There are 2 protein chains.
Amino acid sequence: MEVYRMKLLKTKIIEEGTVLSDQVLKVDAFLNHQVDPALMMEIGKAFVERFQDTPITKVLTLESSGIAPSVMTALLLGVPLIFARKRKSLTLTENLLVHQVQSFTKMETVEVAVAQKFIAPGEQVLIIDDFLAHGEAALGLAHIVEQAQGKVAGIGIVIEKSFQQGHRKLEEAGYRVESLARVASLADGKVQFVEAASTVLH
Amino acid sequence: MEVYRMKLLKTKIIEEGTVLSDQVLKVDAFLNHQVDPALMMEIGKAFVERFQDTPITKVLTLESSGIAPSVMTALLLGVPLIFARKRKSLTLTENLLVHQVQSFTKMETVEVAVAQKFIAPGEQVLIIDDFLAHGEAALGLAHIVEQAQGKVAGIGIVIEKSFQQGHRKLEEAGYRVESLARVASLADGKVQFVEAASTVLH
């Protein structure tokens with residue numbers, strides 16, 4: 001099942017993704033502007049399979065692109081979802097856990113915030129994000145979980161750019177990372193995936 | 001079924017919502033910061049029931065709080081979801097349909113943008129948003145649909161503040177509005193709903 005779901009996602013990336021440069025993959029046709037809800041459900045099922053050995057009491061993601069895959073995952077797990085806010089709004093002010101996150105795509109630093117009351121000490125939090133590149137967003141979310149004395153149950157990524165250092169950085173920080181699609185290269189306008197075989201051979 | 005779903009939502013609002021003032025209802029415990037995924041699925045089912053007589057080819061919402069209820073609705077309808085972006089990002093630039101929207105909550109004007117390629121002429125678009133207050137966001141989205149020569153199939157709202165003029169404004173503009181919970185008043189720190197009976201009596 002898992003293999004089928006990953007194939008579905010990879011086919012979408014090949015057929016509907018656009019390589020904008022050797023660093024940037026645009027997936028606005030099915031993930032982060034237009035969304036394919038059935039694919040989001042399959043992604044949710046894949047995350048549930050990957051983390052089935054781990055207790056999870058909450059899912060945490062970052063607005064906006066993380067919400068669609070995360071809400072499906074949380075639905076299947078039967079736990080609440082929290083989406084971290086990228087800046088303070090008028091109705092979200094008290095007792096915030098805040099972390100500064102550098103966005104390489106947007107060339108800016110954003111403040112990521114979660115209301116403390118939603119992460120209880122001991123909470124087992126699965127972090128989900130749409131993309132993993134430099135790992136800053138996921139590290140920021142992990143930091144917030146730990147500020148609240150929660151535990152990071154794992155980090156689930158829809159599309160990982162494996163040629164950037166995010167995956168390594170997260171693993172070095174002690175987190176378990178599960179990426180559904182691992183992009184090895186975007187060179188020459190083509191998406192090349194990390195072969196599953198290479199993982200087996202190691 | 002519909003009645004059961006509305007009761008579920010109203011109970012959530014009463015039990016977990018916070019009245020911040022006679023204008024502001026905070027629902028960050030289950031809708032716009034922490035999200036109850038099972039409730040989002042029930043909301044999706046309720047929208048499908050309300051609009052079952054109307055052809056719908058796409059769902060359109062506004063990031064971020066609209067995404068969770070909308071993606072469930074789109075999943076059940078078997079159509080794509082588009083979430084409009086609140087400002088331009090580096091990877092979303094060409095052929096944008098843009099509309100200025102005044103946010104009364106945040107006291108600012110934001111630019112709402114949708115990539116033109118995702119709304120084909122003749123597309124039947126269901127607009128969904130988490131809140132209806134002054135109607136600016138929904139009107140902005142409707143304007144974008146019509147710029148693309150699409151048709152607004154209807155506007156689905158999770159929580160309407162019926163004491164503000166949004167509902168009236170949208171109906172006067174010719175749109176069908178279906179709000180799942182209609183708040184008549186937030187006076188004295190209490191949530192009072194518009195009674196269903198009053199609709200029957202008219």
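Helix α1 of chain A spans residues 2-16, and its 15 residues reach 21 Å from first to last C-alpha, close to the 21 Å expected at 1.5 Å a residue. The expected span is 1.5 Å times one less than the number of residues. Helices (H or I, at least four residues) and strands (E, at least two) are DSSP runs numbered from the N terminus. The model is predicted: local features need pLDDT of at least 70 and side-chain atom pairs pLDDT 80 or more, while totals for chains, interfaces and linings use all residues. Residues are numbered from 1 along each chain as its sequence is written, chains are lettered from A and ligands numbered from 1 in the order written, and side-chain values use heavy atoms, without hydrogens and water.

| Helix | Residues | Number of residues | Span | Expected span |
|---|---|---|---|---|
| α1(A) | 2-16 | 15 residues | 21 Å | 21 Å |
| α4(B) | 136-147 | 12 residues | 16 Å | 16 Å |

In α1(A), the buried residues (under 20% relative accessible area; exposed is over 50%, partly exposed in between, with a 1.4 Å probe and protein chains only) are A:Glu2, A:Arg5, A:Met6, A:Leu9, A:Lys12 and A:Ile13. Seen down the axis of α1(A), they fall within an arc of 120 degrees, so they line one face of the helix; the arc is that of the directions from the helix axis to the C-beta atoms. The face turned away from the buried side carries the exposed residues A:Val3, A:Lys7, A:Ile14 and A:Glu15. The cover over the buried residues of α1(A) includes β2, α2, β9, β10 and β11 of chain A.

In α4(B), B:Ala138, B:Gly140, B:Leu141, B:Ala142, B:Ile144 and B:Val145 are buried. Just after this helix, B:Gln149 takes a positive phi of about 65 degrees.

Both chains contribute to an open sheet of seven strands with mixed pairing, in the order β3(A)-β5(B)-β4(B)-β8(B)-β9(B)-β10(B)-β11(B). β3 (34-35) of chain A and β11 (192-193) of chain B stand at the edges with a single partner strand each, so one side of each is left without a neighbour in the sheet. Two strands pair if DSSP finds at least two bridges between them. β10(B), residues 177-185, pairs with β11(B) in the antiparallel sense over two bridges, and B:Ser185 stands opposite B:Gln192.

Chain A has six helices and 11 strands. Buried residues make up 57% of its 202 residues. Its C-alpha atoms fill a box of roughly 50 × 35 × 35 Å along the principal axes.

Methods
Contact = heavy atoms within 4.5 Å.
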